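Please look over the sequence and the model shown here, and then read the briefing that follows, which is arranged by topic.

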Amino acid sequence: MPGYPLLETLGVKPHLLVLNKMDLADLTEKQKILQHLEREGLKNVIFTNCVKDENIKQVVPVVTELIGNSYRYNRGENMEFCIMVIGVPNVGKSSLINSLRRQHLKKGKATRVGGEPGITRAVMSRIQVSEQPLMFLLDTPGVLAPRIESVETGLKLALCGTVLDHLVGEETLADYLLYTLNRHQLFGYVQRYGLGEACDDVASVLKRVAIKLRKTQKVKVLTGTGNVNIIQPNYSAAARDFLRTFRSGLLGPVMLDRDILQGLPTADPSQALGPGDA
Ligand SMILES: Nc1nc2c(ncn2[C@@H]2O[C@H](COP(=O)(O)OP(=O)(O)OP(=O)(O)O)[C@@H](O)[C@H]2O)c(=O)[nH]1
């Protein structure tokens, strides 16, 4: 995500950037991502998948080391670690806490998870995630920067489900999704919806999606000679399905911020560009 306004506020505190939902991201250019983040002052980065508990075991040791190396103001002999989980809505903050508990305490859910932004409504009491060291996490409601730097950044955030879809408009988002898939040459949607070939007209794509899902509705049209019933695709339902399919990874992993990485030198020349990265 471009811009880390919280970094200024948190600058003095040790912090770890957890990039979750790694299963949905195209990490072909992982080194470039890390380089870019380092240039922004973010050195401690872990990619995770909280659904499959991937890389979760790295979190506690890294956090322990970071705190160990930091100035322990007001801590005295208190050996407890209390850490705040901060991030945009729907990024997986609650899932991270639950995953850490599964890994370290063999305990399940402590905090509610949901597929929509805004599931966590209030700062909850601290939740234990590790015994040795004794570590507590505070789940917080998702936050977005008060000002989004550009319309495109806003659309990327919306595509990731950080705002409720209807606030942007499902069809607008579906249009941006189609544009993104075509730009990244991710043509999985062509076969999935039986389109025959890539298409940049969102209405045509949504029509196919609606027909495939049988999401069509009868509409009465008044003509000069009387009423006629016509079958119309349910574009909203089709747009919702298109977005859901993308967000579950079925249209392939994507790196939405690829444009930001372009122009950065590739650290490892053996890292060939993947299909769609031309
Ligand atoms: N594919 C994938 N989905 C994930 C991952 N982590 C969480 N999710 C899903 O993302 C959705 C949001 O997860 P939450 O943990 O509720 O996110 P949150 O950041 O706490 O959300 P808010 O409370 O709205 O701020 C849920 O449907 C999770 O199952 C992941 O690593 N990969």
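Phe 242 is buried, with a relative accessible area of 0%, where buried means under 20% relative accessible area, exposed over 50% and partly exposed in between, using a 1.4 Å probe and protein chains only. This is a predicted model, in which local features need pLDDT of at least 70 and side-chain atom pairs count only at pLDDT 80 or more, while totals for chains, interfaces and linings use all residues. Residues are numbered from 1 along each chain as its sequence is written, and side-chain values use heavy atoms, with hydrogens and water left out.

**Aromatic pairs**

- The structure holds 3 aromatic pairs, a pair being rings of Phe, Tyr and Trp (its six-membered ring) whose centres lie within 6.5 Å, with planes under 30 degrees apart counted as stacked, over 60 as edge-to-face and the rest as tilted.
- One of them joins Tyr 189 and Phe 242 in an edge-to-face arrangement, at 6.4 Å centre to centre and with 65 degrees between the planes.
- Tyr 189 belongs to helix α8 (residues 188–192) and Phe 242 to helix α10 (residues 235–247), so this pair ties together parts that are 53 residues apart in sequence; helices (H or I, at least four residues) and strands (E, at least two) are DSSP runs, numbered from the N terminus.
- Tyr 193 and Phe 242 also form an edge-to-face pair, with 6.0 Å centre to centre and 75 degrees between the planes.
- That pair links distant parts of the chain, 49 residues apart, since Tyr 193 sits in the loop between α8 and α9 (202–213) and Phe 242 in helix α10.
- Tyr 193 counts as buried at 2% relative accessibility, and ring pairs link Tyr 189, Tyr 193 and Phe 242 into a cluster.

**The sheet**

- An open sheet of 3 strands has the order β3-β5-β4 with mixed pairing, two strands being paired if DSSP finds at least two bridges between them.
- β3 (81–84) and β4 (127–130) stand at the edges with a single partner strand each, so one side of each is left without a neighbour in the sheet.
- β4 and strand β5 (residues 135–138) run antiparallel and are joined by 3 bridges, and Ile 127 stands opposite Leu 137 in β5.

**Charge over a ring**

- Arg 126 lies over the face of Phe 136, at 3.9 Å from the ring centre, where a charge sits over a ring if NZ of Lys or CZ of Arg is within 6 Å of the ring centre and within 35 degrees of the ring normal.
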